[in-house]
Amino acid sequence: MAVTGPAELLATWEAGLALQDSGRALLLHRAARPEAGTDTLLSVPAGERAADLFALRRALFGERMQVKLACADPECGEAMEFELDAAELGAVRPSPPEDGLRVAEDGWQVTFRLPAVADLTEAAAAATDAADARRLLGARCVRTAVRDGRTATEEEYARLPEAVLKRFAEAVEQADPGAEVTLNIACPECGAATPAELDIAAYLWTELDAWARDVLLDVHLLASAYGWSEPEILALSPLRRRYYLELCADV
């Protein structure tokens with residue numbers, strides 16, 4: 001992976017300010033895989049995108065990730081802070097069967113493909129609730145379906161039983177375990193388990209936002225002190241930029 005320079009990262013950050021979560025995730029994925037087109041990025045499984053973003057995070061900010069949570073027990077609420085390993089989390093990539101995800105339930109024999117990023121995004125956007133999202137996602141990912149010995153119609157794809165959709169979700173979780181990173185942290189104070197999902201796109205965007213604002217402050221201070229342009233300041237290494245800022249503070 002080519003490490004993106006500060007000017008390109010600032011452009012990514014600026015473009016993402018006006019976007020929602022899905023748009024920001026796509027921008028970050030494009031930064032992780034600049035050689036790939038939008039259609040390619042949207043067609044990969046969610047676990048593959050997550051692995052790419054963990055790799056980008058390692059390249060930009062290192063392997064150790066600081067996570068803060070509050071204990072889920074309302075009588076405790078203890079603040080918890082711990083570290084995760086981006087390299088370990090990013091090593092989990094999808095491994096779908098070549099012949100698709102096969103589900104046999106309630107007289108149905110269904111073959112699904114592994115959902116892509118676009119499938120998840122569009123199903124979530126169109127759904128009215130979680131059950132509706134599962135139904136829409138299942139309908140998008142059906143390859144073949146047989147019901148009681150006969151080939152099902154496309155209209156029936158949209159009305160797959162909940163039991164079939166549940167088995168589909170289980171098959172997806174097994175084939176693409178990196179799509180959702182679920183943490184289950186025991187509170188050191190009371191021992192209660194606190195579940196939480198780690199959204200690497202949201203986490204990385206928060207880090208990029210803090211980094212960008214810090215860099216722009218550096219640019220402002222150095223431009224005011226030395227009259228340098230933004231490209232000239234961004235061309236400095238972080239170490240040299242910090243040294244010049246220390247000199248400014250000593251004046």
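Analyst: A helix here is a DSSP run, H or I, of at least four residues. The model is a predicted one. Thr12 has its place in helix α1, which spans residues 6–16.

User: Why is Thr12 called buried?

Analyst: Buried means under 20% relative accessible area. Thr12 is called buried because its relative accessible area is 13%. Beyond four places away in sequence, Thr12 touches Leu27, Trp205 and Leu208.

User: Which residues have the most contacts inside the largest nonpolar core?

Analyst: Phe54, Met65, Leu183 and Leu198 have the most contacts inside that core, which has 38 residues. Helix α10 (residues 200–226) supplies the largest share of this core, 10 residues. Another core, of 20 residues, lies apart from it and includes Val103, Val110, Leu160 and Phe168.

User: What makes β5 and β6 a pair of strands?

Analyst: Two strands pair if DSSP finds at least two bridges between them. Strand β5 (residues 142–147) is joined to β6 by 2 bridges, so the two count as a pair, and they run antiparallel. Arg147 has Arg150, in β6, as its bridge partner.

User: Why are β3 and β6 said to stand at the edges?

Analyst: The open sheet has 4 strands in the order β3-β4-β5-β6, paired antiparallel. β3 (101–105) and β6 (150–151) each have a single partner strand, so one side of each lacks a neighbour in the sheet.

User: Which strands does helix α7 touch?

Analyst: Helix α7 (residues 130–141) packs on the sheet and touches β4 (108–112) and β5, its direction making about 100 degrees with that of β5. Helix α9 (residues 162–175) lies across β3 and β4, at about 150 degrees to β3.

Terms used:
Residues numbered from 1 in each chain as written. Predicted model: local features only at pLDDT ≥ 70, side-chain atom pairs only at ≥ 80, totals over all residues. Heavy atoms only, no water. Buried < 20%, exposed > 50% of the residue type's maximum accessible area, 1.4 Å probe, protein only. Contact = heavy atoms within 4.5 Å. Core = buried A, V, L, I, M, F, W, Y, C linked by side-chain atoms within 4.5 Å. Axes fitted to C-alpha atoms, helices over the stretch in contact; angles between N-to-C directions.
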